[in-house]
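Please consult the sequence and the structure while reading.

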Amino acid sequence: MDIVRDYGKDLFSKVFAVKSILAAFDESAAYEDMQQSQVDAAIGTYLAMLDQHDNTRSLAAIRGEGSGANDQLEEDGDHERTPASKRHRSESPSAHTSPKKRVPDESLFAWLANDGSDDTTLSPNQELTRKLVQNHVLDLKASKRMVLGAKRVPEFPDSEWNNVLAGKAVNIDVVFSGMYSTITDNRAIENIGDLELHFGAAKPAKAVETHGDWVVAWRIVFKATRFIFPHRETELEEYNDYITSYFASMHPSAHSKVLNLDRAIRKHVGSVNNVSLNEFNKFRYLETRHLQGHGAGESGVSSKEKTKQRDTSDPTWRKSDPCRLWNDGKCTHQASTCKFRHICELCRGPHRKGSCPVEKNIDA
């Protein structure tokens with residue numbers, strides 16, 4: 001980061017900056033045990049920051065040429081104005097009512113005093129992510145403008161870029177809705193002093209409800225996140241495998257729990273700096289909360305399931321017929337909640353028809 005900052009101050013050439021970055025990685029013990037692909041991705045992130053400085057310089061030069069021409073026009077116009085008109089413009093109230101934006105006093109940030117003595121250590125990838133996020137949020141609007149102007153920017157909902165740049169959890173429902181929407185995302189954001197007003201923000205038309213929905217939406221989130229944080233590619237791939245394994249191991253009727261787990265994990269990781277998406281051992285409490293039947297995050301039955309619940313106190317709710325699904329080993333209900341009786345179809349005994357002695361006698 002020091003190399004990138006010094007390059008931004010024009011202290012040396014880009015060739016020297018690239019060589020220095022490569023040398024820093026060669027000398028760093030933190031990357032010795034990492035795969036080469038992860039190291040290359042991290043190096044690519046720093047090189048992209050050098051390119052960003054170049055683009056910023058180019059834009060500044062273009063604006064400078066335009067402002068220079070405007071200054072010349074104003075200067076020519078001033079010669080034609082009378083002294084009274086010039087004095088009137090200089091004495092305009094607007095010339096004296098542009099106070100500088102107040103900057104908070106960092107010496108009063110209590111958490112900074114503990115930050116240096118804190119024994120929390122970040123991995124190289126986490127530290128790099130933290131520094132990139134700090135850079136983005138200095139001016140999110142400008143950062144987003146640079147992203148949208150990039151040549152290979154991936155398709156992504158305009159309203160969610162700020163979350164990606166700030167390292168926050170993305171609203172996956174908004175991403176999924178964007179796949180089927182033919183309307184341009186024209187949400188407007190207006191700033192009045194320190195107040196930010198959002199106009200046109202609509203509720204997502206579609207929600208992620210199945211494994212297939214999640215796969216479609218996640219690949220879009222994956223591409224956008226990798227575009228901003230190339231060094232996190234392996235982390236994102238491993239997280240994809242982690243969530244997919246739960247979809248594969250659980251019955252489709254329970255996939256809503258997996259979706260809630262995904263949202264909870266991404267929210268947690270987006271709220272802190274010392275946890276990555278592939279640190280699965282740190283999500284055990286979330287797994288308990290959202291996947292297990294008695295977890296605190298268990299939201300109970302859905303509205304659709306509630307309509308299917310039966311009043312077991314009513315003796316007429318259950319049929320007297322044997323449950324065919326139970327006899328075939330496919331019934332997902334307990335005997336106490338199934339509409340049909342868990343008894344043999346042949347002899348009505350307390351066993352499945354495959355174990356029925358009557359069937360065996362018939363076969364004999």
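The model is predicted: local features need pLDDT of at least 70 and side-chain atom pairs count only at pLDDT 80 or more, while totals for chains, interfaces and linings use all residues. Residues are numbered from 1 along each chain as its sequence is written, and side-chain values use heavy atoms, with hydrogens and water left out.

**Overall make-up**
- The protein chain has 16 helices and 2 strands, taken as DSSP runs numbered from the N terminus (helices H or I, at least four residues; strands E, at least two).
- Of its 364 residues, 28% count as buried, that is, under 20% relative accessible area with a 1.4 Å probe, protein chains only.
- Among contacts (heavy atoms within 4.5 Å) with a separation of 6 or more, 52% join residues 24 or more positions apart.

**Nonpolar core**
- The largest nonpolar core has 54 residues, and F156, W214 and I265 have the most contacts inside it; such a core is a set of buried Ala, Val, Leu, Ile, Met, Phe, Trp, Tyr and Cys residues joined through side-chain atoms within 4.5 Å.
- Helix α10 (residues 211-228) supplies the largest share of this core, 8 residues.
- Leaving aside neighbours within four places in sequence, F156 touches W161, V164, V170, V175, I220, V221 and A224.

**Helices α9 and α10**
- Helix α9 (residues 172-180) packs against α10 at an angle of about 95°, with the axes 9 Å apart; axes are lines fitted to C-alpha atoms over the stretch in contact, and angles run from 0 to 180 degrees between N-to-C directions.
- Helix α9 is therefore roughly perpendicular to α10, a term for angles of 65 to 115 degrees.
- I172, V175, F176 and M179 of α9 meet D213, W214, V216, A217, W218, I220 and V221 of α10.
- By class, this contact of α9 with α10 has 10 nonpolar, no polar and 1 charged residues; Asp, Glu, Lys and Arg count as charged, Ala, Val, Leu, Ile, Met, Phe, Trp, Tyr, Cys and Pro as nonpolar, and the others as polar.

**Helices α12 and α13**
- The axes of α12 (residues 255-271) and α13 (residues 284-291) come within 9 Å and cross at roughly 145°.
- K257, V258, N260, L261, A264, I265 and H268 of α12 meet Y285, L286, E287, H290 and L291 of α13.
- The residues of this contact divide into 7 nonpolar, 3 polar and 2 charged.

**Residue E235**
- E235 lies in helix α11 (residues 233-249) and is buried, with a relative accessible area of 8%.
- Beyond neighbours within four places in sequence, E235 is in contact with S276, L277 and N278.

Terms used:
Buried < 20%, exposed > 50% of the residue type's maximum accessible area, 1.4 Å probe, protein only. Parallel < 35°, antiparallel > 145°, perpendicular 65-115°, else oblique.
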